[in-house]
Amino acid sequence: METTDLHLINVSLPLMDASGLYEVHVTDGHYTKIARQDGRIDHPGPSFGDLEQMESCRHGRLHQWDVKGKIMLPGLVDCHMHLDKAFSLPKVPNRSGTLGEAVRNYRDVSPSFTYEEVKTRILRAALQALSYGTTAIRTHVDFNVTAGRDPAFRSVRAALEVKECLAHDLTIQVFPMCPYGLTAKEVELLEEAIGMGVDGLGGAPHLSPTPEADIDQIFRLAVHHDLPIDLHTDESDDPAVRTLAYIAEKTQETGYHGRVVVDHLCSLSAMDDVSAGQLIERMVEARLGAVTLPGANMYLQGRGDRGIVRRGVTRIRELLAAGVPVAAASDNIHDPFHPFGRGDLLLVALLTAYAAHMGSPSEQLTLLKMITEVPASLIGRKEYGIARGLPADFVILDACRPEEILVKLPEGRWVYRAGQWICVSQARLSWRISRLSDCWDGFQR
């Protein structure tokens, strides 16, 4: 690997300090200096973002670049995706738009997918997320043992192969979705998948007719193999669906505090305030992490409602106020569970802002943490952040203030990891009338 040195000036680091600019040095792929500047430093050299300058840096030449106040964030972390399902909508429709039909249709069609087809979808979705600045992904993958051995292992093998292929550029964690009502033979298959090197265990026990027995089984396997747990939890409009309580109980019983993540939590928003508050207290006691998936939940939930339609997004503000670590993530991309999405966490943060009524300056910083620091902690990512001595893993955005990020969803993004620029996405609007171009350029200064 080539040694690449960077010397960046006039960098905005809003997660560290939104009021000043910083000088950042990177040597051999690690931060060696991060210093607050007294003010803006004048620099007569080429503007940051020039593609030729980027390319020359990849050949080991030292450059001082004026970032011109653009924002640097640590690499974005998407802690809940379904890479193997991405882009499957053309083959797996969902006419009702409900979660139930999505589950049934995907289960029925998935045995017909080829290994190469699944692997290609995983790779495409992973690279698309990387292009938007995501450098770590936790993906939940299908493990359909009822369809037979080959379909069950297809997504796991493909995901692990893509994980290895992209390891230098993108961190991927693979969590198989544990089926419910496992027979002894099916448990053996899951044990085999664990032996292949998966990173943890997932599942959706709230869909099971015997949810507590399935939660028990997942915890037994996880504790035995020392693996973290990440569960789809209570993705339902029914306030009586409360497997969250039993998950919190098992977490405390097994001493798995801080190693269990619960996702969706839709029924939490459907129940009364007292009941929800009691469950949130139990989450705090068990040190559960939470993930909200606003895109998929607003699309799937409330399908049976008339009049005022519930949107299914969990109680984000109440969870945050209670001290529960809450991340926001993409979930699905163009599949029967969610026909939209593109793996862009800035878009996810914007959807979260709308769904949770989060718009103040402090809340916008919280939203940025929900796609960086918080999910990094939930997936156990080590040596994460922008600090001296840590690996330099970051994305620079074509925005100078935090509020601009959610206003612009900037196309300009520069992704850096492992001592090199790995992705540059840049677009410049071209006005064909000079007086309009002059006005626009004035706004950009």
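Student: Where is Gln 217 placed?

Tutor: Helices (H or I, at least four residues) and strands (E, at least two) are DSSP runs, numbered from the N terminus. Gln 217 sits in helix H6, residues 211-225. This is a predicted model, where local features need pLDDT of at least 70 and side-chain atom pairs count only at pLDDT 80 or more, while totals for chains, interfaces and linings use all residues. Residues are numbered from 1 along each chain as its sequence is written, and side-chain values use heavy atoms, with hydrogens and water left out.

Student: Is Gln 217 buried or exposed?

Tutor: Buried means under 20% relative accessible area, exposed over 50%, and partly exposed in between (1.4 Å probe, protein chains only). Gln 217 has 18% relative accessibility, so it counts as buried.

Student: Which residues is Gln 217 in contact with?

Tutor: Contact means heavy atoms within 4.5 Å. Leave aside the neighbours within four places in sequence, and Gln 217 is in contact with Leu 182 and Val 187.

Student: Now take Ile 371. Where is its place?

Tutor: Ile 371 lies in the loop between helix H13 (361-369) and helix H14 (373-378). Ile 371 is buried, because its relative accessible area is 0%. Beyond neighbours within four places in sequence, its contacts are Leu 76, Val 77, Ala 328, Leu 345, Leu 346 and Ala 349.

Student: How many residues apart in sequence are Ile 371 and Glu 253?

Tutor: They are 118 residues apart in sequence. In space, C-alpha to C-alpha, the two are 30 Å apart.

Student: What span should helix H3 have?

Tutor: The expected span of a helix is 1.5 Å times one less than its number of residues. H3 (residues 115-131) has 17 residues, so it should span 24 Å. Its end C-alpha atoms are 24 Å apart, which agrees.

Student: Which residues of H3 are buried?

Tutor: Among them are Tyr 115, Glu 117, Val 118, Arg 121 and Ile 122. What covers the buried residues of H3 includes H2, strand E7 (134-141) and helix H4 (149-165). Just after H3, Gly 133 takes a positive phi of about 110 degrees.

Student: Which residues other than glycine have a positive phi?

Tutor: His 264 is one of them, with phi near 80 degrees. His 264 belongs to strand E11 (residues 260-264). At 1% relative accessibility, His 264 counts as buried. Ala 418 has a positive phi too, near 55 degrees. Ala 418 is in the loop between strand E15 (413-417) and strand E16 (420-425).

Student: How many disulfides does the count come to?

Tutor: A disulfide is a pair of cysteine sulfur atoms within 2.5 Å. By this rule the count is zero. Cys 165 is in no disulfide, and the nearest cysteine sulfur, that of Cys 423, is 15 Å away. Cys 165 is exposed, with a relative accessible area of 56%. Cys 266 is in no disulfide either, and the nearest cysteine sulfur, that of Cys 79, is 15 Å away. Cys 266 counts as buried, at 1% relative accessibility.

Student: Which residues lie nearest the centre of the second largest pocket?

Tutor: On a 1 Å grid over the protein atoms alone, a pocket is an open set of points with protein on both sides within 12 Å along at least five of seven lines, and lining residues have an atom within 4 Å of a point. Here 29 residues line the second largest pocket, and Val 103, Asp 142, Met 177, Tyr 180 and Leu 207 lie nearest its centre. Helix H2 (99-109) and strand E8 (171-178) are the elements that give two or more residues to this lining. The largest share, four residues, comes from H2.

Terms used. On a 1 Å grid over the protein atoms alone, a cavity is a set of points where a 1.4 Å probe fits but cannot get out, and a pocket is an open set with protein on both sides within 12 Å along at least five of seven lines; lining residues have an atom within 4 Å of a point.
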